[in-house]
Amino acid sequence: MATTIAHPSALARPRAARLPFSGRAVRTLAARRVALTAHNPRQVAVPLIGPALLALVVAPALKVATGGLHSHIDYTSFVGVGAVGLVVPLSCVFAGLSVIVDRHSGAQRELLAAPVPRAYLVLGNLLVALGLSALQVTVLVGLSAIRGGKFHITATGAVWFVAAALLFTVFMYGVAETLASKVRKEEDYIGAVPAVAILPFFLAGALFPIAAMPAALTAIAKALPLTHALALLRYGFVDPKGAGLHDIWGLGNVTLEAWLSLAVLALFAAALTAISVRAFTRSAVR
């Protein structure tokens, strides 16, 4: 009598379903992040304290003590815009710290179990960081104007300013989110803040043109995204002649230099966003 042995057929591994982009889901996640990180004035105002002192106290004092930049650029407005290079990184870094807290004692585990792509959590957090940074930058520029800063704002200049601020904020939040995914303890994260958010401020020409530094430091400054961001911000609101852009590129066409710096910011913003999503996704399965 013949015996037939049935071999189980290999089952095909189901592919993970790709959900279409849902703006409503991202908005819901962003609203949750707002409730956690920006529900009281203190959380919005604290990152503004240092930059506001720069715009209101330090810049006018340095203008009197040094005579300013000895150029057509008003030093108060020069530093007022330069302070954006401190307020945005600090705001984004604090937002990244809240991600670590949410991972340890918040509802991140429940959100990871929900049928929502993990990239949506990063995008929701990014929207909040963009909103907070926009508010803080607006207040900072307003304070600088009240203190006597002279701005040359046109429609085209406002577009350059907004584009540079937007891309730089996206880049900085990508840095903060990536660091938050790599670091497991709040203490270690705080220890990295000076190198990530403060050191570039002093090298990127926030308080003086990068050409005033030694050649080696000037070369390093040209590679920093913040240097390109500040040059574009000043080109939009303070210096239509683009002196900061000339210091970076040394070309004769300021519009071309502006587009080149904007391309640099866009490249860094796209790269760090992709890296932050990947880092968050990988850290979620640990």
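Predicted model: local features only at pLDDT ≥ 70, side-chain atom pairs only at ≥ 80, totals over all residues.
Figure 1. Val46 sits in the loop between helix H2 (41-45) and H3. With a relative accessibility of 40%, Val46 is partly exposed, because this class lies between under 20% for buried and over 50% for exposed.

**Figure 2. The whole chain.** The chain contains 14 helices and zero strands. Written from the N terminus on, the order of elements is α-α-α-α-α-α-α-α-α-α-α-α-α-α. The chain has 286 residues, and 47% of them count as buried. Among contacts between residues at least 6 apart in sequence, 77% join residues that are at least 24 apart.

**Figure 3. Helix H4 and its cover.** How many of the residues of helix H4 are buried? Helix H4 spans residues 75-82, and eight of its eight residues are buried. They are Tyr75, Thr76, Ser77, Phe78, Val79, Gly80, Val81 and Gly82.

**Figure 4. The cap at the start of H4.** Asp74 lies in the loop between H3 and H4 and caps the N-terminal end of H4. A side-chain oxygen of Asp74 is 3.4 Å from the backbone nitrogen of Thr76. Is Asp74 buried or exposed? Its relative accessible area is 10%, so Asp74 is buried. Apart from neighbours within four places in sequence, Asp74 is in contact with Lys63, Gly148, Gly149 and Lys150.

Figure 5. A pair of aromatic rings is described by the distance of the centres and the angle of the planes. Tyr75 and Phe78 are separated by about one helical turn, because they are three residues apart in helix H4. An α-helix has 3.6 residues a turn, so residues three or four places apart point the same way. Tyr75 counts as buried at 6% relative accessibility, and Phe78 is buried with a relative accessible area of 5%.

**Figure 6. Val81 and its surroundings.** Val81 is a residue of helix H4. Its relative accessible area is 0%, so Val81 is buried. Which residues does Val81 touch, not counting residues up to four places away in sequence? They are Phe151, Phe161, Leu230, Leu233, Arg234 and Val238. Among these residues, Phe151 and Phe161 are in contact with Val81, and ring pairs also link Phe151, Phe161 and Phe237 into a cluster. Val81 and Leu207 are 126 residues apart in sequence, while their C-alpha atoms are 9.6 Å apart in space.

**Figure 7. The loop between H8 and H9.** Val183 is found in the loop between helix H8 (155-182) and helix H9 (186-191). Val183 has a relative accessible area of 13% and is buried.

**Figure 8. Helix H10 and the residue after it.** Helix H10 takes in residues 193-203. Its buried residues include Val193, Ala197, Pro200, Phe201 and Leu203. Just after H10 comes Gly205, which has a positive phi of about 85 degrees.

**Figure 9. Ile275 in helix H14.** Ile275 belongs to helix H14, which runs over residues 254-284. Its relative accessible area is 42%, so Ile275 is partly exposed. Ile275 and Val175 are 100 residues apart in sequence, and the distance between their C-alpha atoms is 8.6 Å.

Terms used. Residues numbered from 1 in each chain as written. Heavy atoms only, no water. Helix = DSSP H or I, 4+ residues; strand = E, 2+ residues; numbered from the N terminus. Buried < 20%, exposed > 50% of the residue type's maximum accessible area, 1.4 Å probe, protein only. Polar contact = N/O pair within 3.5 Å; in protein donor to acceptor, adjacent residues only side chain to side chain. Contact = heavy atoms within 4.5 Å. Phe/Tyr/Trp six-rings, centres within 6.5 Å; stacked < 30°, edge-to-face > 60°.
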